[in-house]
Amino acid sequence: MICYLISYAAEDSTAHEEELAIPSDSLLAFKTAVISLRPTDFLFGGKITIGEFSLEEPRFYGYVNKKGAANWDIYSSEPDSAETDKKPLPPIDLQKVRISNGRFTYDDREADLFAEINGFFLNMDGSLTDGKNKLDIETGSTSILFSSPTYTLENKLALKLKSQLLLSDNFNTITLNDAELLVNNLPFTANGSVSSLPPLKQTKIDMEVGLKVSDMNDLLKFIPDAYFQHREKIEAKGAIIVEGNIHGYLGDSIVPSVNLCCKIENGSYHVKGLKQGIDTLQMDMDLHLNGMYPDSSFVSLEQLTLKGLTTSLDMSGKVTNLLTSPNIDTNIKGKIDFTRLAKEFLNPDTLFLQGVMDADLSASFNVDDLLNSQYGKVHASGRLNIDTLKAYSKPLGMDVFITNAAFSVDSTQLSSSYLENKDLLSITLSVDSLNVKYQDDISTNISRLAIQAKTSPVIDTTAVIPMTAQLKFDYLRTRLPDSVWLVAGQTVMKGGIKSSASNKLIPTAGATISVDTLRYFILPMRTGMILSGNTFNIEALPYRDAIRQRRLARTDTTTQTAARAARTRRPRIPGQVQADTTDVTTQLLRRWEVRGSLSFNKMRGFSRLLPLPMRIDQTTMKFNTNDITLTDAHLHLGKSDFMLNGEIKRIRQAMLRGGKLQGNFSLTSDYIDCNQLMKAMNSGMQYSEQHAATADQSAIDEENLVTMDTHTLQDSMATATLDTTDRVFVIPAYLDMTLHTDAKKIDFKDVELSNVLGEVIIRDQSINLSNLKMDSNIGRGNMTMFYTAKDESGASAGFDLDLENVMVEKLIGLYPAIDTLVPMLRSFEGVVDCQITATCKMDSVMSLDLPSLNSACYLHGENMVLLDGETFTEISKTLMFKNKKRNVIDSISVDLAIKDNKIEVFPFLVEMDRYKVAVGGTHNLDMTFNYHLSVLKSPVPFKLGIDITGNLDDFKYKIVKCRYKDLFKPAKEAELDSTRTNIRKEIRESIRKQIKETAPELVSSLSSNHSTTSPDGETNVL
């Protein structure tokens, strides 16, 4: 039977999976519980006697939600009206307690704390009466887990405590007698007391602790057998002394003092049957943590001596001011033969060591000085040499290999023009080969590394310590956080840091880096680039100092004052995303200005976010933390090529405050394939959505990726599958770009555009074009347009297109909806002038939402050919044409408007042979129509009218009066032109309004009216 205590005070969304797991809203569960009471003791003695209490497999789950509500707050007591009515509880005699296989979980979502104890057990015998009792207790657990924002403990830490407890002072004082604490079977002892002082809200601790190990052999028993070779043959000697105490008070802002002494005296370590071994092993270390005066805390290694098996090592050192600003003073001298030591004592299947290290070093420094780059305050001298060092452990996930490593530090009389000083401290490090792997966290391979650094002695301790450094290597491959790989070929870096000329407290740094080949890969996003012939020039200084320099450089103080006032008054944009202030990149951007230049001979890139081969030819780029300037950057993207000149601004603001990334570029191109680019962008968006949480590494593993050459890159991208389905192209919200375009050729759908000139502004998730002039394989024209897409659900667009001498079939291919709007175009062939103004909405697959369409269209053509010859022959006979072979319409001009699911065709003239006919009416988007034809000129000596209704498959007609006989007289025609002009003007104004909202700088280049010349030579305003 399993019992639950359910709490509804706070619920948790975490579900436990084990069989006896308690529900998310359960406070306590257990498998079985037994309690044994003696009623006669209460009846005759006035006390409660619990002979036995046992609990099997208890599960306790304490949960605090994000609002601070706890699931154990399930009982609220009411205050008693009379304190004097309270009666003391009778004495309780608890004699035997047994708890087995318990689990205790504490989950605090408000403070982001989590703790869990598994395998808890408790055996207690004794008596709890009269406030002064003696108990024999044995308790422990098999594992402990603790997690907090600053610290995480997760391992098989097994604890076991066995002791006699004395409870006194109404249970406020606990005294331990001969307590034994096993930490993973390592025995510690404790004697002393812990007292609670409720009035002071403090706890007093007086405790003596130690390690219950008398010699080296006893200590070795607690080290796992897997680390030893010939465990049964090991002979170790030497006394082990570990003694300490804890004295003081624990409370708010106060901690007790801790003292610990660890010694190994007269130690040695041998294997039976072998004379050689470790003949001398001595250690003396003291630790003092002063609770009252933390700056007096220290740890001191008085002696560490190891001699034997061609190894001789002496170490000493001391760390003072341990808890605040540690000062370290250390010395190491000797040689360690890892090969001999490992061969004699270590199990190679667990830990393999090989190599020799020779060192003679001394150093004295403050940790804060190192963290603050105050290297001139470091006093060090000596050397360290490693011929070969190999350390491998499969259980630990460690693999280290070092060859020919040499480190030296000393003073030199050489001078430096950069440091402006002599008597420099010089540090040199050289490594022939270095390979380090540790689990999945670290993977670094570097060859022929050489580092040399120099710094001057400290004269002014408040100033920035100057330093120069030079770094060289032939090859580097390293894995950075988040599965990012960096691979570099032969590299030379020279740089330095010193005080700025204006303020000795402000550092400036500069560096020049040359890399013959650089590869950078982001595996989760399947993105990378390869650069060859690279040179970096970098200068870094505090951001505030950079701002000060720019202000001093300004000569117009009025402009400076106005700019400062404008920055002060700038409001924060509602909903603007703020950067995480704990992020490393964010902190660097807030504090530092980095500027310089980057030049390379060639760059190749690839990304599944844009699956097209990318290449940039020889380019120089200038940058700082806020701007990037490109000069003649020649970019090849798939089939397209671009020459970019311009700059990207507000990078710092965009990354820190979620602002917009601004750019202004002059873009020239020989060829742009819009079809390929848009499909690649859509494919990248799909990949990003589908693989947001996982990295697809099935095609290329890590090893192949980091050694990939440029040909493999291009092949991998060429075989990438592109989704050919049209989808809404969503413009990123953070872009604010202006492109001054000059393209010789652009392919868009089936249209080939040439000599494209115009200005494009991308802003607020909208693309805006103003008077984009172009020639094409379908005609010559210009276009004003906007396209807006906030998300993938759909888009809205508007355009004003003016085409001259465009072929009918090409016009239908470019704008298929016009075939629906003017069905008669299917029957004609020829060249027309076309002016279309329209606004509409599109769905997620870019299909036109016809009910939203609002458009005006004008078509004019001459000598149009009627395609259906049989129909023409029949018409020519019936209507008695003079020329029964010439199926050409002399002239046609069509004006129409689309709104509310209806096409209104304004009356227009069609002239063919001896006939002149005026046509007008309405055409619904369901393909039904209602037209009127007025025959104004024919062989018949009178005018007549014809009404045609229905659809193309089923229509009716009847003879009626001629409605349009006077419509084309000057007075009536002016009225008709006014109606048509007002409709176009209304639609154009809606387009202008949309462009004005997102790109007001384009409005001045928009013409409010268009005009066309009619066949009779008159100019009509459109």
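**Legends to the close-up views**

**View A. Val910 is a buried residue, its relative accessible area being 18%.** Buried stands for under 20% relative accessible area, exposed for over 50%, and partly exposed for the range in between, with a 1.4 Å probe and protein chains only. The model is predicted, so that local features need pLDDT of at least 70 and side-chain atom pairs count only at pLDDT 80 or more, while totals for chains, interfaces and linings use all residues. Residues are numbered from 1 along each chain as its sequence is written, and side-chain values use heavy atoms, with hydrogens and water left out. Val910 belongs to strand S50 (residues 902-912); strands (E, at least two residues) and helices (H or I, at least four) are DSSP runs numbered from the N terminus. The C-alpha atoms of Val910 and Ile892 are 5.2 Å apart in space, although the two residues are 18 residues apart in sequence. When residues up to four places away in sequence are not counted, Val910 touches Ile889, Ser891, Ile892, Tyr915, Lys916, Val917 and Val919. Contact here means heavy atoms within 4.5 Å.

**View B. The whole protein sets the context for the close-ups.** The protein has 15 helices and 56 strands. Of its 1022 residues, 40% count as buried. Among contacts with a separation of 6 or more, 54% are between residues 24 or more positions apart. The accessible surface amounts to about 56000 Å², and carbon and sulfur atoms hold 55% of that area. These areas come from the Shrake-Rupley method with a 1.4 Å probe; for residues, only the protein chains shown count as cover.

**View C. Five aromatic pairs are found in a search of the whole structure.** One of them joins Tyr61 and Tyr63, which are stacked, with 6.2 Å centre to centre and 10° between the planes. Both Tyr61 and Tyr63 are buried. Phe104 and Phe120 form an edge-to-face pair, at 5.1 Å centre to centre and 85° between the planes. Phe104 lies in strand S7 (residues 96-108) and Phe120 in strand S8 (residues 113-126), so this pair ties together parts that are 16 residues apart in sequence. Phe104 is partly exposed, with a relative accessible area of 28%, whereas Phe120 counts as buried at 18% relative accessibility. Rings of Phe, Tyr and Trp (its six-membered ring) pair if their centres lie within 6.5 Å; planes under 30 degrees apart count as stacked, over 60 as edge-to-face and the rest as tilted.

**View D. Asn321 occupies the loop between strand S20 (311-320) and strand S21 (327-337).** Asn321 is buried, with a relative accessible area of 19%. Its side chain reaches the backbone oxygen of Ser325 at 3.3 Å. A polar contact is a pair of N or O atoms within 3.5 Å; within protein, one must be able to donate a hydrogen and the other to accept it, and residues adjacent in sequence count only if both atoms are side-chain atoms. Leaving aside neighbours within four places in sequence, Asn321 is in contact with Asp295, Ser297, Pro326 and Asn327.

**View E. Helix H3 (residues 338-345) has Phe338, Leu341, Ala342, Glu344 and Phe345 as its buried residues.** The cover over these buried residues includes strand S17 (257-271), strand S18 (278-289), S20, S21, strand S22 (352-366) and strand S23 (379-393). The N-terminal end of H3 is capped by Asp337, with a side-chain oxygen 3.2 Å from the backbone nitrogen of Thr339.

**View F. Strand S30 (residues 491-499) runs antiparallel to strand S27 (residues 467-473), with seven bridges joining the two.** Two strands pair if DSSP finds at least two bridges between them. Thr491 in S30 is the bridge partner of Phe473. S30 is also joined by nine bridges to strand S31 (residues 507-522), and these two run antiparallel. Gly496 stands opposite Gly510 in S31.

**View G. Asn404 and Asn805 are shown for their backbone angles.** Asn404, in strand S24 (residues 398-412), has phi near 50°, a positive value in a residue other than glycine. At 44% relative accessibility, Asn404 counts as partly exposed. Asn805 is found in strand S45 (residues 794-807), and its phi is near 55°, a positive value in a residue other than glycine. Asn805 counts as partly exposed, at 49% relative accessibility.
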